[in-house]
Amino acid sequence: MLKVHPDHPKLEYIRTAAEALRQGKLVAFPTETVYGLGANAMDPRAVAQIFEVKGRPSSDPLIVHMAEISWLPRAVAEIPPIAWRLAEVFWPGPLTLILPKHPDVVDLVTAYRKTVAVRVPAHPVALALIKEADVLVAAPSANRFGHTSPTCASHVLADLGERIDLLVDGGKTHIGIESTVLDLSGSVPTILRPGGITREQLTNILGEVAVHDQAVAEGSQISPGLLPQHYSPRAELIYLLGPERASALAFLRQLAEEKISRGYRVGLLLVDEDLSAFAGLPVHAASLGSESNLWQAAHRLYAGMRWLDDQKVDVILARDLGQQGPGLALRDRLRRAASQVITHIGKNGAG
Ligand code: TXA
Ligand code: MG
């Protein structure tokens, strides 16, 4: 493990990590979203290792990370003007573009698709590392497949530990949820995964943006990473989507009481404003911060899930926070992390 300053990483350490990448080793490193598990995207053996170490199905393609916009032609065969425009506005940053694949990118990276996912991360450590290595870096989130994404080095260690060659510790990630994946390969730009760049930000530039509806997509192959259950803690997560705040909280309190009476350890993953509804109950609360700051909620989401798992809770209660700004990404992650999604409360409880 190499511990570096998040803004001014030591060149000596960056060189060591870059050399490891070039030699086909797996290097975990911080990005502004979550930690990535990187490999040289032109080295089939190294890329195969990523799938192996994560326990990730080889049908789920990886994002190729670049140090600069000018690297786009190294990974992409045809670059439409709108891709350059989006890159200029949002890179470095948490936007991943799906574009026609360059033949040099290893097939395993894209799961034998004709498209490739690309982004330039906005983290000084990631940028310095990729630039120094001077190779395209394929990197999924550095967690076991299906588990919550890592937002600090200790999360990476807990999930992957000795299975990786090198971990560059650059502290906590800033955003805390993954990049927005935008498909530019079809006729209408389509958000496949909401994330660090909001739908509103994209609409400002593009006018029209479609959002891929996961309810329809489940089981389809548009973005294979969009599996029904993903980003999950160990505990059972019950996610309330639909009911307005007061009835949602009344319902969740009742549910908490019922679970506690049956001997369960109950965890909450809620905003500060919601926590008083559980006064007097022996619950473990992971605060997402104030409801007025959903970026903070995004920043705390995965760490909150991991903390609740550390508290050995059996069940985690969460509720929807709308779809404005980062709300859409929070909804997506909570929905996938959930073992149960409740959309309607009947007179006798969940319906
Ligand atoms: O913020 C992030 O995006 C982080 C950091 C490390 O950059 N990476 C990340 O990678 O979240 P991963 O592998 O956990 O998620 C990549 C997502 C998956 O849902 C995958 O299916 C989708 O991008 N994807 C990759 N290539 C694709 C392609 N050619 N077509 C459609 N979806 C693709
Ligand atoms: Mg992931």
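Arg144, Arg234, Arg265 and Lys312 form a patch of positive charge on the surface. Such patches take residues with over 30% relative accessible area and no salt bridge, with like charges joined within 9 Å. Lys312 lies in the loop between α11 (294–310) and β15 (315–319). Lys312 is exposed, at a relative accessible area of 60%; exposed means over 50%, buried under 20%, and partly exposed in between (1.4 Å probe, protein chains only).

This is a predicted model, in which local features need pLDDT of at least 70, side-chain atom pairs count only at pLDDT 80 or more, and totals for chains, interfaces and linings use all residues. Residues are numbered from 1 along each chain as its sequence is written, and side-chain values use heavy atoms, without hydrogens and water.

The protein chain has 12 helices and 18 strands, read as DSSP runs (helices H or I, at least four residues; strands E, at least two). Of its 351 residues, 56% count as buried.

Now the charge pairs. The structure holds 18 salt bridges, each a side-chain nitrogen of Lys or Arg within 4 Å of a carboxyl oxygen of Asp or Glu. Arg74 pairs with Asp134, with the closest N and O atoms 3.3 Å apart. This pair links distant parts of the chain, 60 residues apart. Arg74 is partly exposed at 31% relative accessibility, and Asp134 is partly exposed at 44%.

Glu291 bridges to Arg319 at 3.5 Å. Glu291 is partly exposed at 29%, whereas Arg319 is buried at 6%.

Asp332 and Arg336 meet at 2.6 Å, N to O. Both lie in helix α12 (residues 327–337), four residues apart. Shared partners join Glu178, Asp332, Arg333 and Arg336 into one salt-bridge network.

Terms used: Chains lettered and ligands numbered in written order. Patch = residues over 30% accessible without salt bridge, like charges linked within 9 Å, V, L, I, M, F, W, Y side chains within 5 Å. Areas by Shrake-Rupley, 256 points an atom, 1.4 Å probe, with all protein chains shown as cover. Lys, Arg positive; Asp, Glu negative; His and termini not counted. Charge placed at Lys NZ, Arg CZ, Asp CG, Glu CD.
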